[in-house]
Amino acid sequence: MGVDGSARVVWVFVDGLGLAPPSEVPPPTPRLDALVGGPALVDRPLAGTAQGCRWELDATLGVAGLPGTATGQATLVTGANAAAALGRHIHGYPGPRLRAFIDAEGSLFQRVRAMGRRAALLTAYPEGAGETALRYAARRAGAALALGEALLPHLGCAPGSADAGRAAEEAAAMAARLAEGWDLAVVETDLCDRAGHLREGREEARRRAVACADRFLAALRARLGRGDVLAVTSDHGNVESERRGHSRNRVPLFALGACRTAPAGGDLTAFAPWLVDVLAGAT
Ligand SMILES: [Zn+2]
């Protein structure tokens, strides 16, 4: 629960996690499948369960080419179509124009703050790492930053972790502990996108990355309170696809724990208003 006993949201942003077309078989996600009532990473309608549901969001945003992280994240955090505004998809980190777009549109971090609620980005970054659009938006809004430890971006897939199940459980326990006392707590990971880009060993790497995400998300869900919502989105597909690199596939929006509020739109711009509604307790 959040500080005043109202619904709390933990948002896990998973870079490069799309929905495979029904003709393909994505890496297995047995725990997510059980929570949402069907194949969690296949793009066909799901019934949902009492524990969770999934919607599908268009990540192409009506713009040609392969979606990228900079414009995808900027769209998720502002609720405005950054790719259309800038005329193309932008990969990697935001430049001056995209930063100005985020400032002009305002972010969900600012909206959460205006509601009198508290937000934090839990993911710690190594010194000298670039600043993602998500992190930029959080910093500009005065959200608490980098409370986490280096384990979180790996979701239990940290190098040298022999027991994947235990490592995912530890990462989930850390995330749950750090999320205490925040109304919105955000974790950012590029684990799946990295695996999806590999030229060698991609098949094994993507199965492992998806397995870690599956374990981490289920373990984190189990540690949150009954009224809390674990939201999971992505900026574009990659790891779900049989082909290497970013895809134009739709991406999932998972709500684990409660499905009262559906997004009012079918693309990434629907996420920020949806999240604010969920936090406000809208039904
Ligand atoms: Zn990528």
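Predicted model: local features only at pLDDT ≥ 70, side-chain atom pairs only at ≥ 80, totals over all residues.
Helix α2 spans residues 69-78, and its axis approaches that of α6 to within 8 Å, with a crossing angle of roughly 40°. The two helices, α2 and α6, are therefore oblique to each other. On the α2 side the contact comprises Ala70, Gln73, Ala74 and Val77, which meet Ala133, Leu134 and Ala137 of α6. Six of the residues in this contact between α2 and α6 are nonpolar and one is polar, with no charged residue.

Helix α6 (residues 133-140) also packs with helix α4 (residues 96-105), here at an angle of about 45° and with the axes 10 Å apart. The arrangement of α4 and α6 is therefore likewise oblique, and α4 passes α6 in a right-handed crossing. Leu98, Arg99, Ile102 and Asp103 of α4 form the contact with Ala133, Tyr136, Ala137 and Arg140 of α6. The residues of this contact of α4 with α6 comprise five nonpolar and three charged, with no polar residue.

The buried residues of α2 include Thr69, Gly72, Gln73 and Thr78. The partners against which the buried residues of α2 pack are the helices α3 (82-86), α4, α5 (108-114), α6 and α10 (271-280), as well as strand β6 (229-233). Just after α2, glycine 79 adopts a positive phi of about 80°.

Conventions:
Residues numbered from 1 in each chain as written. Axes fitted to C-alpha atoms, helices over the stretch in contact; angles between N-to-C directions. Helix = DSSP H or I, 4+ residues; strand = E, 2+ residues; numbered from the N terminus. Parallel < 35°, antiparallel > 145°, perpendicular 65-115°, else oblique. Left-handed = near helix turned anticlockwise from the far one by under 90°. Contact = placed C-beta atoms within 7 Å. Nonpolar A, V, L, I, M, F, W, Y, C, P; charged D, E, K, R; others polar. Buried ≥ 20, exposed ≤ 12 C-beta atoms within 10 Å, placed from the backbone.
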